[in-house]
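Please consider the structure shown below together with the briefing that accompanies it.

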2 protein chains.
Amino acid sequence: MKSDIEITREVTLKPVSEIAERLGISKDLLEPYGHYKAKLPLSIIDKGKMKGKKLILVSAISPTPAGEGKTTISIGLSEGLNRIGKQTTVVLREPSLGPVFGIKGGATGGGHAQVVPMEDINLHFTGDFAAIEKANNLLAALIDNNIQNKNGSLGIDPRTVHWKRVMDMNDRALRHIIVGLGGTASGVPRETGFDITAASEIMAILCLAENFEDLKERIGRIFIGFTLDKKPVYARDLNAQGAMAALLKDAIKPNLVQTLEGNPAIIHGGPFANIAQGTNSVLATKMGLTLSDYVVTEAGFGFDLGAEKFLDIKCVSAGLQPDAAVLVATVRALKYHGGVSLSEINHPDAAAVERGLENLEKHVENMRKFNVCPVVAINHFADDTDAEINAIQLKCKELGVKAAVAKVHAMGGKGAEELAKIVSEVAETCSSELKPLYEWEWPVEKKIETIATKIYGAAAIDYTAQAKADLKKIYDLKLDKLPVCIAKTQKSLSDNPKLLGRPENFVVTVREIEIAAGAGFIVPITGNIMRMPGLPEKPAAEDIDISSDGIISGLF
Amino acid sequence: MKSDIEITREVTLKPVSEIAERLGISKDLLEPYGHYKAKLPLSIIDKGKMKGKKLILVSAISPTPAGEGKTTISIGLSEGLNRIGKQTTVVLREPSLGPVFGIKGGATGGGHAQVVPMEDINLHFTGDFAAIEKANNLLAALIDNNIQNKNGSLGIDPRTVHWKRVMDMNDRALRHIIVGLGGTASGVPRETGFDITAASEIMAILCLAENFEDLKERIGRIFIGFTLDKKPVYARDLNAQGAMAALLKDAIKPNLVQTLEGNPAIIHGGPFANIAQGTNSVLATKMGLTLSDYVVTEAGFGFDLGAEKFLDIKCVSAGLQPDAAVLVATVRALKYHGGVSLSEINHPDAAAVERGLENLEKHVENMRKFNVCPVVAINHFADDTDAEINAIQLKCKELGVKAAVAKVHAMGGKGAEELAKIVSEVAETCSSELKPLYEWEWPVEKKIETIATKIYGAAAIDYTAQAKADLKKIYDLKLDKLPVCIAKTQKSLSDNPKLLGRPENFVVTVREIEIAAGAGFIVPITGNIMRMPGLPEKPAAEDIDISSDGIISGLF
């Protein structure tokens, strides 16, 4: 079987100017980055042109190690929609560089459903992550510099600084560090650490910002810690927002590339799906809706995580609403939810699929709580049997949800034509208005409880002493009207990664609550959330190479 | 007076495709980054076309806080040469981002002698520094991952790892850190630190590499430390070179921009001038010589530092030789060398200039030791008096060196026409062949002694116990045939920053000797070399801003 990068090599890419032309973007507005990538200026976005356009949200059942292929389906569906005459742009988040050198390989789809040039998109792309990293780390340098220098000092208590540095690298040794050693000239010693760049609040801010003004405003609101006399300190107190926003002057512009079949793809922003909203930028979504009739976009992890945040935070904040929501499922993942171990996943077992379907059922119920119109996409793998597929289709019929098998990995857009037809029918007939799950105005506890009971299916919520102290801080700082962006394992509907399928009668424990005042949400943390991954024993980096004529190999 | 960025705003930039067209670069070879920047593929470089082309090296007297303006003169001279009919490209190093937020502002020339778009070049430019940072930090992550994981471990002794992480930020708190805290899952605790990205050995490697093969070879040769049983460990032992070179696939390509007068400028690579060769990449120089009749290039700090390394390391490594060498001096800097304090520097004082000229005299003598043909450029400031200028010109006459006053800050290329005429006369008549100061084959001590006595004017060399141990290690590792890249203060010809003018009878102390086996040199360190700058009490970042339509202000 050909590798993903080999498949992309067999396709002749169109110049990005040609892709732009098809979208009606005039040449002087396009900012090319090489021949196949370009940045799109924000001036293109036009609210008037967004009216009546269709926004399709792709999400999935609870992720398993067996794989669901959400990005692959998003790309394939977009090819399929274009094939059946719907002018469509797929709008995706940017891959994080760190995991490319670990186990994961790229994050640009797979097989015959990919966005290209895949090596560029997976490596530095147009420099957005690097710019976000610099803006994040400039604020860190300004904080430590303010602690170091007596004049102009804000009197920041070094023990309260929760702003961390970031690096787009899987580097576990940076999780917990001590900085400022080496004597008086080299800073004040304190404990801190690095997160991966995707986990930076700056990334979340960039993805929610509507323009430069809003970007600066949000950056200025970042909460850093307290002074020695316990007053809150924000980024604006360091006059950091102007320089930080200047560093983001190009990163804020969405990027245009293409799919393997030469259709437009906008890829922009990549917030950590677990502690942030986990989807591409608001500006990219709006750019897509300005330029084409259909936009297919993806929310990270299962519907309970990425999609919930997409609907309750991003859609409310940006005034968006999806016209259909696609739930991706695979026979393999359903068998895993049905109790089959990973090593047995290729054996036909329709009964296990049936057992696993309770997970799908819960996600479909959840979709309806938001009033969005659901479609199920069965991402087809070669080993799937008819009996297994039938079990899914039967359940969907029972639930009153349209479903289609999509063979996008093997066939590209041709394998998604049926799915595309169903999705467009649903999108064009669905008239219901998005109903967010909660009001931002509600008390924090009520917001958390609503999500945990209604979406996760929890019986009760427990707060640790730390979480209770954090709650008090949030009320004291008057940040309680912000939406909540719950950090939870993606592996289970509950906060316990081991509970597959549809867990019930469980208690969700909120361990602590973080403040992302700049991004505009608070982050109740349940379970252990790793924000700086490590490399595996044999890193993928060892197999990546470049030839004497600059051709990269070893990327998946 | 208008700020640098305001001056650039008054000029209408030409599309980079137009600049490329003038250089004979076909459209399909140009890789645009926006409308005014582009990358040039290495395939353009053509040894045949380099023959007979003129390479002009710009260096300076020993730097002072009064300012010399080497980059400004390099750009202005290139404009002047184009004005007098010599088809010229200025080839420069890329600015480092970190200092932009500190005191320094930009590093793209000044007044009417600038390269543009200055805000892009000073901020992320085309992402080269970010790519170098990632390649450097991938190696660091692979090292700590190897120490962490038992299987496949090389048995690296964590106490011997001298490879540091880098960040392009003035962040003193990262100089000395402890990583790997937080328990068994988060690495093995050890002392390390961050350097600024320009100080990365990867930057030095990129600037000396001739192609992808050479790049990978050099990366593979990076010396990391020792195993617990005292065997040397290199980057190739971690299979790091392929992935690291893949990260540099675009960074290795030189960048094309323009001067304020619309002439071509190639800007590429930015090694720390003090512990590396301090000039733009070999590939950029060769690209310039392929594409135009004259190349003006600049070496960091005074002639004793950047230019010595340019001639003994870069020229020897890459088979280059300059046809003329310009020594930049200012009345102000010479007064400073003559004992005038910074606060008095604007008062006319021809006698002080005369006293300071001993510094210029020594640099001219040094230039002749390399057999290069010298020219003195007097970078004119508004306060300079005729008497002061005359003093310099008289001294130059005495030394038999042609000199010209250049008013490039105020007048751009028009202010450099006389200088351009002299430089082109010298370049076209200078027939002497470059004579490197030493043979790479010599013993390390002899190489160090030759530079210190002949160029710095030292009476003797002293080695600390550490330096002696390092010497032994270098001989043991058979790295003694590498050239030496001495790290020394730029403020004095000696290793004592307080000794201005032309110090004599001093002893140079080699404190330690570092190995840069990948870059292909060893680094004897004299004095304290800061590789991670800090921010000042009032960082420049506080005044940098971006308007609602994306226009940056506050960059100098």
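The briefing below treats the overall fold, the relation of the copies, and selected local features.

This is a predicted model, in which local features need pLDDT of at least 70, side-chain atom pairs count only at pLDDT 80 or more, and totals for chains, interfaces and linings use all residues. Residues are numbered from 1 along each chain as its sequence is written, chains are lettered from A and ligands numbered from 1 in the order in which they are written, and side-chain values use heavy atoms, with hydrogens and water left out.

**Overall fold of chain A**

- Chain A contains 18 helices and 24 strands; helices (H or I, at least four residues) and strands (E, at least two) are DSSP runs, numbered from the N terminus.
- The C-alpha trace of chain A spans about 70 × 55 × 50 Å along its principal axes.
- Of the 556 residues in chain A, 65% count as buried. Buried means under 20% relative accessible area, exposed over 50%, and partly exposed in between (1.4 Å probe, protein chains only).
- Among contacts in chain A between residues at least 6 apart in sequence, 75% join residues at least 24 apart; a contact means heavy atoms within 4.5 Å.

**Surface and charge of chain A**

- Carbon and sulfur atoms contribute 50% of the accessible surface of chain A, which comes to about 18,800 Å². Accessible areas come from the Shrake-Rupley method with a 1.4 Å probe, and for residues only the protein chains shown count as cover.
- The mean positions of the 64 positive and 69 negative charges of chain A are 4 Å apart. Lys and Arg count as positive and Asp and Glu as negative, while His and the chain ends are not counted; the place of a charge is NZ of Lys, CZ of Arg, CG of Asp or CD of Glu.

**Relation of the two copies**

- Chain A is superposed on chain B by a rotation of 180° with 0.0 Å of shift along its axis (RMSD 0.0 Å). The two copies are thus related as by a two-fold rotation axis.
- In chain A, Tyr33(A) has the C-alpha nearest the axis, at 2.1 Å from it. Superposition is by least squares on the C-alpha atoms of residues with pLDDT of at least 70 in both copies.
- The copies meet through the same surface, because 99% of the interface residues of chain A are also interface residues in chain B.

**Buried elements**

- In helix 10 (residues 282–291) of chain A, 10 of 10 residues are buried, including Lys286(A) and Met287(A).
- Thr192(B), in strand 9 (residues 190–192) of chain B, is buried at 13% relative accessible area. Beyond its neighbours within four places in sequence, its contacts include Trp163(B), Arg165(B) and His176(B).

**Backbone features**

- A cis peptide bond with omega about 0° joins Val116(A) and Pro117(A); Pro117(A) lies in the loop between strand 6 (113–116) and helix 5 (118–122) of chain A.
- In chain B, the peptide bond from Val116(B) to Pro117(B) is cis, with omega near 0°.
- Phe125(A) has a positive phi near 50° and lies in the loop between helix 5 and helix 6 (128–148) of chain A. Phe125(A) is buried, at 7% relative accessibility.
- Lys230(A), which is not a glycine, has a positive phi of about 70°. Lys230(A) lies in the loop between strand 11 (223–226) and strand 12 (232–234) of chain A and is exposed, with a relative accessible area of 66%.
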